[in-house]
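Q: I have a model open and would like to learn how to read it. Could we go through some features one at a time?

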Amino acid sequence: MAGSPGGVYGWLSTQRFDVIGAILALVLAVALLPLRLLASNFYIVAIPVTMAVASALYLLAVRTSNTEGLPAFPVWAGRLLPSLTLLGTALLIVLGLYQGGRTPAFYTLATVVGAAIFLQIFFTRERDFVPPLVLFEILAFAFTIRYVALLTTPGYIGIDVWTHVPSWSAAIAETGSLDFLEGNKYYASPLFHLSVVATSLLADVSVRNGLFLSVGFGMAFSAVFLYIATRLFVSARWSLFAVAVYAMSAHTVEWSIHLIPTGLGLVFFLGVFYLLVRVLDVTPGSREFVLIVLLSIATILTHQISAFIMLVLTGAGLLAHLLLRFELFAPPSRFRGVTPGSGDSVSLTGLLAFDLGFITFMWSLTPYHGDTFLATTFSFFRVTLEESAGLGDITSERGATAATDPTLLEQAIQYIDAAVFLLVFLVAVVGCFYVLRRRNISHAAVMCGASIVVMLVFIFGFPMFGIRTFIPQRWYAFLAAPMALLGAVGLAYLARRLTTPVVLVVLLVFALAFPMVAFAATDGTLDNPRFEGAQTKYSYNEAELNAVETIGEIRPVAEEEGETYNTDHPYNTVFSRSGPGPAVAANITDEGLRNTDTLIYRDYQSTGGAFFVSENDRSVTPEMSRSELCGGERHYAYDNGDVTMCTATWEVDTDADTGTDLDGGETDT
């Protein structure tokens, strides 16, 4: 498209969009600083500051040039580090198995190994740098930090998994039919459950191990997709940086140990992400589009939110292609990837139309809350807009219902959780500026930048107005892929341009800080939090799981009469989802404890971050003793040393079995 040589268009055609973008981002960051007066969400407060730092770093890099290159380790150190990293990974396995889980000592050692990987990537001499070896180190490390959590935890980690696997997947394996899911939204998206059951049957293992061998393996090694995608932009060194960031990110580790359809959807999403990058950056062929269509269908048949995020990514790809057709954004013809006709807008439009049509068709057939998933989702969205949406509703996702002000430790954890995202966001913003320069611009890079912007709107923009229909907490792991890719592009540019002292500070801060916060953040340590009492543990020991089975036998609740088990959250979710009966978080006030309530105490309530409900229906985490929860007038009907059930009457089944381990082994209680 031709533009007039004069006027605004003519002026823009001679300017550097990267510099203009950095200046505008700096101005926007300053303008957004007053949000701290409205927001309690630390992300919303910190993002403008992070944008300002990224803009300043880029503007500084534009005006400088590093003629000395990166500092490098001595030859002996560069050759020794891979061995030490693999040794540290092996020690993590030994330590995790010996201590029975991921303990504070495990996290400390993991932090050291993670820092060693980053230092190796940043400072190993070119002649000593072996990309396949470093990739193997990262994948081995990623596998270890995930599987030590999975294999040392009895039962499962998380909440939703107790419904998806021991309830639904196990029922499918036993009956050989999907009838158990009838009336549920996963009746039309059963690929997760079928993959778990199929792996269990083919490998002749339990459903639990089938989960670990299928979805668990996929999550541990899916970062390879990100490596081959990033290699289309930068050298192997910085591509490995992207893989390391993704592998250690607390948001991706979360869905690697809390194995639910979101995780399998993320694996398929990474495949689509790589193929879209390849289609937009390299001359596409029919094979790529066929694979994209197959992976798109797999995502849609796995998880609704994952499918919607994939749709956002595809739309960003089409937007990038259409945007770069304007001559204003056209780079010199000598640069690959964006010459006229290199992309196929017809194919991308068809792909987007297919995804949108298939999603609409499937969601129109998917049962959900007595209606179709599509109708119910629109209904939720409409109700939110009418009743609860409003500017300033930007409280923190976690702890939004806390009844008391956060302690100093809780505030520190909030900063740690945010830092996992913000450190990568900082270098990703630099990468966005870099690819805006005409000589660097490409369809795939613009797609990554556009997808980041759109995802941030869903994660932070809509919640600012009280709209959380799209479950923003699930988006972080998907956002990690384009952010890691552009983060690698941005950091590579800073390393080339900033003076040696400045770039040394930037690289050292990232190498030391990122693993430290990643292995202390709440999302990545669900199985065994780094800070007991301030972070909630979403896993259980053998005694706690045995108690669920036994209590269900000796004290079944009358569900039809509205009777429930009363315990803490998240322990109540195991009762509700694994079969014994409905359970709720106990109301800790005298008014909330009725005479008919069955109360369940566990030792974790005295030391950990378990949630209860106060008189204002707000979540609280007091340290409850057994006598405080049960009270003096209740009967102690069951006690296995770690878990106690107290009731208002002695109406228990004394002939019930002693209990069964939820993993399948018989136990005595």
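Q: Which residues in α11 meet α21, and which residues in α21 do they meet?

A: This is a predicted model. On the α11 side, the residues are Trp238, Phe241, Val245 and Met248. On the α21 side they are Leu507, Phe510, Phe514, Pro515 and Ala518. The residues of this contact divide into 9 nonpolar, no polar and no charged.

Q: At what angle do the axes of α11 and α21 cross, and within what distance do they come?

A: Two packed helices are described by the angle between their axes and the distance between the axes. Here the axes of α11 (residues 236-248) and α21 (residues 500-518) cross at roughly 25° and come within 10 Å. Because angles under 35 degrees count as roughly parallel, α11 is roughly parallel to α21.

Q: How many residues does α18 have, and where does α18 bend?

A: Helix α18 covers residues 408-436, which is 29 residues. From first C-alpha to last, α18 reaches 41 Å, close to the 42 Å expected at 1.5 Å a residue. At Ala419, α18 bends by about 35°.

Q: What pLDDT does the protein average, and which residues have a pLDDT below 50?

A: The average pLDDT is 85, and 86% of the residues score at least 70. Among the stretches below 50 is residues 395-403, with 23 contacts in the model beyond near neighbours in sequence. Residues 656-669 are also below 50, with 35 such contacts.

Note on methods. Residues are numbered from 1 along each chain as its sequence is written. This is a predicted model: local features need pLDDT of at least 70, side-chain atom pairs count only at pLDDT 80 or more; totals for chains, interfaces and linings use all residues. Side-chain values use heavy atoms; hydrogens and water are left out. Helices (H or I, at least four residues) and strands (E, at least two) are DSSP runs, numbered from the N terminus. The expected span of a helix is 1.5 Å times one less than its number of residues. The bend at a residue is the angle between axes fitted to the seven residues ending there and the seven starting there. Axes are lines fitted to C-alpha atoms, for helices over the stretch in contact, and angles run from 0 to 180 degrees between N-to-C directions. Angles under 35 degrees count as roughly parallel, over 145 as roughly antiparallel, 65 to 115 as roughly perpendicular and the rest as oblique. Contact means heavy atoms within 4.5 Å. Ala, Val, Leu, Ile, Met, Phe, Trp, Tyr, Cys and Pro count as nonpolar, Asp, Glu, Lys and Arg as charged, and the others, Gly among them, as polar. pLDDT is the predictor's confidence in each residue, from 0 to 100.
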